[in-house]
Amino acid sequence: MTHASVFRGSHKCTTMRSNSRPCGQTTPLASRCYSHAKVETDEEFDARWVTYFSKPDIDAWELKKGMNTLIGYDLVPEPKILDSALRACRRLNDLASAIRILEAVKDKSGPHKDIYPYLIQELQPTLIELGISTPEDLGMDKL
Amino acid sequence: MLATRAISLVGKRAISTSICVRGGHGVAKVDDYALPAYFDRRENPLPDVQFVTELSAEQKSLKEKEKGSWATLSNEEKIALYRISFKQSFAEMNEGTKEWKSVIAGMFFFIGMTGLVVLWQRKFVYGPVPPTFESEWKEKEVQRMLDMRINPVEGFSAKWDYENKEWKK
């Protein structure tokens, strides 16, 4: 067994021997032929999106583009990203989009019914500060 | 530049035929389908355009009020603002249809029609069945099979009681 790091993944191979082995053959468990691209951590992802929506002179198109892209990802955005997006709506004087964002994340949670109440709970201070009503408050979640 | 100015003068969606000048070479008609469209989709929560493009005076004043604090807006006003920007809420767009009832009804209908066709065929298309299906023939056939001891261990003749000349109970 070659002495190799316990961590698999995008770290460089720790033994010279494993490095020279071409990837068609079976490699020892500890060294895999992963891409050497840096994987973005969750914190970096969140920070990037918070920064995106925090732009002071964000325009309506950027808000829409950002939101639609974010909803396209296979995740429910963190409260801090949504907080940043809601504040962007405020700067753009767009209450309808703020409510729409809340609807969209609820829909995005899918069968996991406990995500949306958590998000609302975390966003409560922002919602009160900006005066945003949730779709439930307005009765828009019913038909 | 000229094109966008022309469009904003005429009104965004009201143009079915509007002219945009291209580089001084001629005019090109901007068709409806080429402009950004509104659509309600789960995966595209904020569409490219507002749903309502021509605002009434009331809606315009509401939009002005939106620039102030949102806490001062009543629920009805908030809903009105939502409806200006969007056609259907998520609940409405995700609503199922009653189409499945039509599908099941259609299925039963066609199965029924097929049944009628089959019955008609039996009566008017197919000739009589062979004589081997008559009960008299069948009796003789069964007796012959028993005489031949067909499947005497576990099958046919095994179920016949040869002593009492009847089927085993």
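How far apart do the end C-alpha atoms of residues 103–121 of chain B lie? They lie 27 Å apart, and the span is 100% helix and 0% strand. The unreviewed UniProt entry lists these residues of chain B as a "transmembrane region". UniProt positions follow the numbering used here, feature names are shortened, and annotations may be inferred rather than shown by experiment.

This is a predicted model, in which local features need pLDDT of at least 70 and side-chain atom pairs count only at pLDDT 80 or more, while totals for chains, interfaces and linings use all residues. Residues are numbered from 1 along each chain as its sequence is written, chains are lettered from A and ligands numbered from 1 in the order in which they are written, and side-chain values use heavy atoms, leaving out hydrogens and water.

**Chain B**

Chain B has six helices and four strands. Helices (H or I, at least four residues) and strands (E, at least two) are DSSP runs, numbered from the N terminus. From the N terminus on, the order is α-β-β-α-α-α-α-α-β-β. Of the 169 residues in chain B, 21% are buried, meaning under 20% relative accessible area with a 1.4 Å probe, protein chains only. Contact means heavy atoms within 4.5 Å. Among contacts in chain B between residues at least 6 apart in sequence, 29% join residues at least 24 apart.

**Helix H6 of chain A**

H6(A) covers residues 115–130. Its 16 residues reach 22 Å from first C-alpha to last, close to the expected 22 Å; that expectation is 1.5 Å times one less than the number of residues. A kink of about 55° lies at Leu123(A), shortly before Pro125(A). The bend is the angle between axes fitted to the seven residues ending at a residue and the seven starting there. Leu123(A) is also one of the buried residues of H6(A).

| Helix of chain A | Residues |
|---|---|
| H4 | 79–91 |
| H5 | 95–109 |

Just after H6(A), Gly131(A) takes a positive phi of about 75°.

**Where the chains meet**

In all, 32 residues of chain B are in contact with 27 residues of chain A. The area buried between them is about 2,600 Å², with carbon and sulfur atoms giving 59%. Buried area is the accessible area (1.4 Å probe) that two parts lose on being put together, summed over both. In chain B, Leu46(B), Trp70(B) and Tyr82(B) lose the most area to chain A, together 31% of what that side buries. Two salt bridges cross the interface. The rule asks for a side-chain nitrogen of Lys or Arg within 4 Å of a carboxyl oxygen of Asp or Glu. Asp107(A) forms a salt bridge with Arg42(B), with the closest N and O atoms 2.6 Å apart.

How values were computed: Buried means under 20% relative accessible area, exposed over 50%, partly exposed in between (1.4 Å probe, protein chains only).
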